[in-house]
Amino acid sequence: MSIPLTLNFVAICIGIYILKSYISKRASNPSSLPYPPGPKPKPIVGSLLDLPKEESWKTYASWGKEYGDLIHFTVLGKHFIVLNSSRVATDLLERRAHKYSDKPVTPTLSMSDWLWAFSNMPYGEKWRRYRREFHQQFRAEKNRNYRPIMSQRARQLLRNLAGNPEQFVSYLRHYAAAVIMSIAYDYDVASQDDRFVYIAEAAVNMLGHCTFPGATIVNTLPFLRHLPGWLPGMGVKRYTEECRKLTLEMRHAPLELVRKRMASGVPSDCVAANLIDRFSARGGTLEENEETITDVAAMAYAAGADTTVSALTTAFLAMTLYPEARMKAQAEIDKVIGTSRLPGFEDKDSLPYLEAFIREVFRWRPVAPLSIPHVVMEDDVYEGYFIPKGTIVNTNLWAMQQEESMFGDEPEKFKPERFLNPDGSLNDRFPDATFGLGRRHASCAGRHTGFDTVWVGIAHVLAAFDVSKAKDEAGNEIDVVEKYVDALVSHPLPFACSIMPRSRHAETLINELLPLAAADEVKI
Ligand code: HEM
């Protein structure tokens, strides 16, 4: 097909698509109820040109101030709503979970072969089975068994930071990957260029960038996926093909290692081995069991590594920008534990300020500010507004964590005190929404592991290092621009900080870790 012909074809298809959307809207909304308020759509494209490109959750929150807690807009005939408050999100995602628990199967998800991941799966029997199995492996009591792995890796993190502090983000990535790969596959991540980590990181990263609202036109006009890959704007085809190869290897390669280990009689204590044992003692078809084992184990890294890195990096940003909060957490550690050892999980209940600090990390900058998109499973009417089946639902977790009625004043600021009573004990607040909403249908299945990995990693860092603003050659503090990447899992844009051992005691502690961790030291 020549290019003008192809463009005519696209124009005709867009016309048909919009006409179809109009007719189906009339059919399913016979009382002609209004959609929820939102920005005025432009002809044909709707709000396509108004979609925010940077920190979109902030723009959606500001639209919320103008239009209300529930906003609606269309992009090329496709309906979107944004839930801007915990009241509306609880009403729809929890109380009406039977209508709001589906996930949109976007063309890019199937093109890149990511539908095996139950975070992206339509609501149904398979999702329930995967979720149940995953829960068995990561529920609160089971998660306690993983704490020694986290502590061991946190010590390695300190050693690595002492050696090359400028590379702190790479070491945080290594720490998160080492914890989750050890839990999932009893696999020791290599000190550098680990193949499994490379594949999984690349696949997750590609997923995050091609499913985000407005990321690619193919998700709005699915028929475009049938156009040839060489056409302008169709690079998504090559992109998703690359992603497909990565996800395939990510799911199968580490599991093969576990099977080989088990076959040669080497005991293996990890999620994959537990699943293999559980399923070998059970009925069900071989194919179905194999698929469940492969996908549930792979889900741990897919959902658990990048999210944890985001929270860890936010903690470093908070330590850099809010020295008073960092120093208060350090003073508490020194008072309760002293300076001759590192904090561990056994100290958790005696360190309320530290706990408040970590809660604030999760509240202040939610890891997935717009959560994973959901899709409306049948037409709905809420507070007099019509929400058609198929509408994509973005939950503005960032806006919910800014609610003053829930978290007190100055929500933009990092203030661990919002989680403390006047006497310094912990209050009942918790940044729950960071992990999604509801007990099951719209919530994180690995929250205990995520929280604990961040808790012990940052507890170690606070005990050993002062993280503060870096200085230039003239001794002036380097300003930190506090901005986040617009993606499903959002990270701070790169920033410089200084990471120095806090004292001679701390230096001694880190040096004592040398024999423990030297073999593992990560060379970036
Ligand atoms: C470190 C901080 C973490 C945060 C803030 C976080 C947050 C979230 C959020 C917001 C969702 C979307 C819920 C929804 O609306 O559907 C989610 C889903 C999920 N998370 Fe996490 N997560 C974290 C760590 C982890 C870890 C470590 C694991 C694995 C061990 C994990 C496993 C999952 C899974 C499997 C889902 C999909 C649940 C489903 O669709 O049923 N997460 N997470």
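A nonpolar core is defined here as a set of buried Ala, Val, Leu, Ile, Met, Phe, Trp, Tyr and Cys residues joined through C-beta atoms within 7 Å. A residue is buried if 20 or more other C-beta atoms, placed from the backbone, lie within 10 Å of its own. The structure is a predicted model; local features need pLDDT of at least 70, side-chain atom pairs count only at pLDDT 80 or more, and totals for chains, interfaces and linings use all residues. Residues are numbered from 1 along each chain as its sequence is written.

The protein comprises 20 helices and ten strands. These are DSSP runs numbered from the N terminus, helices being H or I of at least four residues and strands E of at least two. The radius of gyration, taken over C-alpha atoms, is 24 Å. The globule rule (2.2 Å times the number of residues to the power 0.38) also gives 24 Å for 524 residues, so the protein is as compact as a globular protein of that length. Its C-alpha trace spans about 70 × 60 × 45 Å along the principal axes. Buried residues account for 45% of the 524. Two residues are in contact if their C-beta atoms, placed from the backbone, lie within 7 Å. Of the contacts with a separation of 6 or more, 75% join residues 24 or more positions apart.

The largest nonpolar core contains 141 residues. Within this core, I180, A184, A272 and A297 have the most contacts. Helix 13 supplies the largest share, 18 residues. Beyond residues up to four places away in sequence, A297 touches A184, Y185, L255, V271, A272 and L275.

Helix 8 (residues 147–163) is largely enclosed by the rest of the structure, because 13 of its 17 residues are buried.

T434 lies in the loop between helix 17 (404–407) and strand 7 (436–437). It counts as buried, with 27 C-beta neighbours inside 10 Å. Leaving aside residues up to four places away in sequence, T434 touches F362, R363, P366, V367, L397 and Q401.

Conventions. Buried ≥ 20, exposed ≤ 12 C-beta atoms within 10 Å, placed from the backbone.
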